Amino acid sequence: MAAENVSVEIRDDREHHKLVAYEDGTAAGTIAYFVMDPAPGALVPVHTVVGPEYEGRGIAGALAREFYAMAGREGVPVVPLCPYVVRWAQRHPEQAPEPSGELVEDARRQLASHPELL
């Protein structure tokens, strides 16, 4: 199991629907997401990708942790549709409140209107 005490800088690029982890100034991993309508809507992670040279360093976990922290600061729920974030949330229930089934269904419907993330 990878350690999640990795030292990366994580920045939200809301305009491009990405939460990006940087290691030494280079993008090491991302979570692609969208914001549900109406605003302020839930944050919905769709894909988590870590570059092959950065795998096993806990970057995906650091991204998931920051994604939930970001949603908490914004006062909105997270509706994970990304399989990695779903598994991370199941392993960290104290940091990742489970969304309602209705919210999950709404998120799945709204994902269809974000073809750039499919």
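**Close-up views of a predicted model**

**View 1. Pro38 is placed in the loop between strand E3 (26-35) and strand E4 (43-50).** Helices (H or I, at least four residues) and strands (E, at least two) are DSSP runs, numbered from the N terminus. A cis peptide bond links Asp37 to Pro38, with omega at about -5°. This is a predicted model, in which local features need pLDDT of at least 70 and side-chain atom pairs count only at pLDDT 80 or more, while totals for chains, interfaces and linings use all residues. Residues are numbered from 1 along each chain as its sequence is written, and side-chain values use heavy atoms, with hydrogens and water left out.

**View 2. Strands E1 (residues 9-13) and E2 (residues 18-23) run antiparallel and are joined by 5 bridges.** Two strands are said to pair if DSSP finds at least two bridges between them. Glu9 has Tyr22 of E2 as its bridge partner. The two strands E1 and E2 form a hairpin, with 4 residues between them.

**View 3. His17 lies in the loop between E1 and E2.** Phi of His17 is near 60°, a positive value in a residue other than glycine. His17 is partly exposed, with a relative accessible area of 24%. For these terms, buried means under 20% relative accessible area, exposed means over 50%, and partly exposed lies in between (1.4 Å probe, protein chains only).

**View 4. Asp24 has its place in the loop between E2 and E3.** Phi of Asp24, a residue other than glycine, is also positive, near 50°. Asp24 is exposed, and its relative accessible area is 77%.

**View 5. The largest nonpolar core has 25 residues.** A nonpolar core is a set of buried Ala, Val, Leu, Ile, Met, Phe, Trp, Tyr and Cys residues joined through side-chain atoms within 4.5 Å. Leu19, Leu43, Ile59, Phe67 and Tyr68 have the most contacts inside this core. At least two of its residues come from each of E2, E3, E4, helix H1 (59-74) and helix H2 (83-91). The most is given by H1, with 9 residues.

**View 6. Phe67 is shown with its contacts, leaving aside neighbours within four places in sequence.** Contact means heavy atoms within 4.5 Å. On this basis, Phe67 touches Leu19, Ile31, Tyr33, Leu43, Val44, Pro45 and Val78.
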